[in-house]
Amino acid sequence: MDYEALAKEMLSRMYALNKTRPQRNINEGMRGEGFVLHYIIRRGGGVQPSEISHFMGFSTARAAAALNNLERKGFITRQIDPTDRRRIPVDLTPKG
């Protein structure tokens with residue numbers, strides 16, 4: 001057996017695998033816009049942005065960025081609660 005060639009092939013494949021960063025892609029998918037949509041669906045709408053950021057374990061700024069993108073794409077709406085202007089519940093649109 002040619003152990004040197006085998007070792008070089010293993011290192012080459014490990015480098016290629018590390019370069020694709022599959023774990024990073026999985027993490028981004030679990031904490032990205034798709035996960036936010038799934039959470040809103042599961043909760044039945046009317047979700048507060050702070051609730052999303054708390055549940056998903058990231059900052060309110062990151063949650064706001066994801067919500068801004070989803071709103072721009074037409075998947076969600078945010079309306080000020082008429083009974084409490086401090087609350088801005090997030091709901092899905094028909095497209096969402």
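Biologist: Before we start, what counts as a nonpolar core here?

Modeller: A nonpolar core is a set of buried Ala, Val, Leu, Ile, Met, Phe, Trp, Tyr and Cys residues joined through side-chain atoms within 4.5 Å. Keep in mind that this is a predicted model.

Biologist: Fine. How many residues has the largest nonpolar core, and which have the most contacts inside it?

Modeller: The largest nonpolar core has 15 residues. Those with the most contacts inside it are Val36, Ile40, Ile52, Met56, Leu67 and Ile76. Helix 3, helix 4 and helix 5 (60–72) each supply at least two residues of this core. Helix 3 gives the largest share, 5 residues.

Biologist: Which residues of helix 3 are buried?

Modeller: Phe35, Val36, Leu37, Tyr39 and Ile40 are buried there. As a general matter, nonpolar side chains tend to be buried together in soluble globular proteins.

Biologist: Take Val36. What does it touch, leaving out residues up to four places away in sequence?

Modeller: Val36 touches Ile52, Met56, Ala66, Leu67 and Leu70.

Biologist: Back up a bit. What is the overall layout of the protein chain?

Modeller: From the N terminus on, the elements run α-α-α-α-α-β-β. That is 5 helices and 2 strands. The chain has 96 residues, and 22% of them count as buried.

Biologist: And the surface? How much of it belongs to carbon and sulfur atoms?

Modeller: The accessible surface of the protein chain comes to about 7,200 Å². Carbon and sulfur atoms hold 56% of that.

Biologist: Which residues form a nonpolar patch on the surface?

Modeller: Met10, Leu11 and Met14 do. Together they have about 330 Å² of accessible area. Met14 sits in helix 1 (residues 3–20). Its relative accessible area is 48%, so Met14 is partly exposed.

Biologist: Contacts next. What share joins residues at least 24 apart?

Modeller: Among contacts between residues at least 6 apart in sequence, 39% join residues at least 24 apart.

Biologist: Where does Gly45 lie?

Modeller: Gly45 lies in the loop between helix 3 (33–43) and helix 4 (49–56). Leaving aside neighbours within four places in sequence, Gly45 is in contact with Ile40, Val90 and Asp91.

Biologist: What follows helix 3?

Modeller: Gly44 does, and its phi is positive, near 80 degrees.

Biologist: Now Ser53. Where is it, and what does its side chain reach?

Modeller: Ser53 lies in helix 4. Its side chain reaches the backbone oxygen of Ser50 at 3.0 Å. At 5% relative accessibility, Ser53 counts as buried. Beyond four places in sequence, Ser53 is in contact with Phe58, Ser59, Thr60 and Ala63.

Biologist: What about Thr93?

Modeller: Thr93 is in the segment after strand 2 (90–92). A polar atom of its side chain lies 2.5 Å from the backbone oxygen of Gly74. Not counting residues up to four places away in sequence, Thr93 touches Gly74, Phe75, Ile76 and Thr77. Thr93 is buried, because its relative accessible area is 17%.

Biologist: Switching to charges. How many salt bridges does the structure hold?

Modeller: The structure holds 5 salt bridges. One of them joins Glu51 and Arg43, with the closest N and O atoms 3.0 Å apart. Glu51 is partly exposed, at a relative accessible area of 24%. Arg43 is also partly exposed, at 47% relative accessibility.

Biologist: Why do such pairs form?

Modeller: Side chains of opposite charge can pair when their charged atoms come close.

Biologist: Which side chain does Glu71 meet in a salt bridge?

Modeller: Arg78, at 2.8 Å, N to O. Glu71 counts as partly exposed, at 32% relative accessibility.

Biologist: And Asp81, which residue does its side chain meet?

Modeller: Asp81 meets Arg87 in a salt bridge at 3.4 Å, N to O. Asp81 counts as buried, at 16% relative accessibility. Arg87 counts as partly exposed, at 35%.

Technical notes: Residues are numbered from 1 along each chain as its sequence is written. This is a predicted model: local features need pLDDT of at least 70, side-chain atom pairs count only at pLDDT 80 or more; totals for chains, interfaces and linings use all residues. Side-chain values use heavy atoms; hydrogens and water are left out. Helices (H or I, at least four residues) and strands (E, at least two) are DSSP runs, numbered from the N terminus. Buried means under 20% relative accessible area, exposed over 50%, partly exposed in between (1.4 Å probe, protein chains only). Contact means heavy atoms within 4.5 Å. Accessible areas come from the Shrake-Rupley method with a 1.4 Å probe; for residues, only the protein chains shown count as cover. Patches are made of residues with over 30% relative accessible area and no salt bridge: like charges are joined within 9 Å, nonpolar side chains (Val, Leu, Ile, Met, Phe, Trp, Tyr) within 5 Å. A salt bridge is a side-chain nitrogen of Lys or Arg within 4 Å of a carboxyl oxygen of Asp or Glu. A polar contact is a pair of N or O atoms within 3.5 Å; within protein, one must be able to donate a hydrogen and the other to accept it, and residues adjacent in sequence count only if both atoms are side-chain atoms.
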